Amino acid sequence: MASAEIQRAQARAKEMARARSSRSARGKKLLQSPRSKTSIASMAALAVVALAVTLSSLATGSSNAGGRLVTADVLETPWREAVQRAPLPNGERLVEGCHVPETWRHVEDAFISDEEIDILLRMVEKGMASSRGDTGGPTILDVNGGFMKDGMGVQTIYGGDSPVSFTSEEYKVYARMFDRIRERIMEVNNLETLYFTAPTFVARIVGNESWTPLELHDEYWHPHVDKDNTPHYDMSGLVYLTTHGEDFDGGEFVFLDEGNPTVVRPRRGRFITFSSGQENPHRFTPVTRGTRYAFSMWFSCDKAHQFKTFLDGKVHRAFHRDEL
Ligand SMILES: O=C(O)CCC(=O)C(=O)O
Ligand SMILES: [Fe+2]
């Protein structure tokens, strides 16, 4: 890279760092990624830093709504932002090493490989095969609990006339995803304990603007706090199987910080985590075209809420734990 170009890239890097720190609001700290290390002496290292800035600036910017935007372009390094945890609801016992005072909003790409995503998509389609909700709106599948909910109501998937049967390869990929996510959330937030909990599900939303929800519960786009809905949720995790702007339009995830929302566009294989309390109100916008798939999963600091029957072979036919 020519030296004038490096200088320009450096100036751009400084400007971006300045813009970033001036946007840091309400006690939040933005992580200074490797690009802010302007003290690196060698020209070669500076060139690498400048390149990282250029790549990263492709994937982040400002959204139409005026807030920050994490685009659906691939992130070379995770996008991260620290938040101060809101006080625990009255009566909830604080678990040291799990209810840490500061947690990270963390967005990471290529968390699940293409091959794994294909297996998961196959699994989801199999589990939703009897869905009557393909005219729009959400179909929700809980593989662990064994039910599927579409616009017409709830059905069990392992019982009935034509029970769904997943292969052990499908179960393996599915179970490993949860294990890896739990470990990653612990790593990112420096936690000592964290338990996978239930319920957890995958949602398929077929964009159709003429679709009208039957009940309030079907209006998936409402702002909410995960822990307000389910008090034992402490950490939230999301994995997307399709990409905004390619497979579907709309369906953008938004952290609802007052006056400064952050939009994260789903991308196939993208993983998002954040703590589940009042510090992270969020929503996602209506899907207007195509099909959006998202796994939602939650983790608890309370051992009593650990999901123990996960893939234990009792709920799930045609599955043997030994095969995992
Ligand atoms: O699918 C998403 O982007 C978010 C889902 C969500 O907020 C939830 O399941 O609680
Ligand atoms: Fe949520």
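I first looked up the ring cluster: ring pairs link Tyr174, Phe178, Phe196, Phe295, Phe299 and Phe307. Rings of Phe, Tyr and Trp (its six-membered ring) pair if their centres lie within 6.5 Å; planes under 30 degrees apart count as stacked, over 60 as edge-to-face and the rest as tilted. I note that this is a predicted model, in which local features need pLDDT of at least 70, side-chain atom pairs count only at pLDDT 80 or more, and totals for chains, interfaces and linings use all residues. Residues are numbered from 1 along each chain as its sequence is written, chains are lettered from A and ligands numbered from 1 in the order in which they are written, and side-chain values use heavy atoms, with hydrogens and water left out.

My search of the whole structure returned 15 aromatic pairs. The ring centres of Phe178 and Phe196 are 4.7 Å apart and the planes stand at 55 degrees, so this pair is tilted. Phe178 belongs to helix α4 (residues 168–189) and Phe196 to strand β9 (residues 195–196), so the pair ties together parts 18 residues apart in sequence. Helices (H or I, at least four residues) and strands (E, at least two) are DSSP runs, numbered from the N terminus.

Phe196 also forms a tilted pair with Phe299, at 5.7 Å centre to centre and 55 degrees between the planes. Phe299 lies in strand β17 (residues 287–300), 103 residues from Phe196.

I then checked burial (buried is under 20% relative accessible area, exposed over 50%, partly exposed in between; 1.4 Å probe, protein chains only). Phe178 counts as buried at 2%, Phe196 at 9% and Phe299 at 0%.
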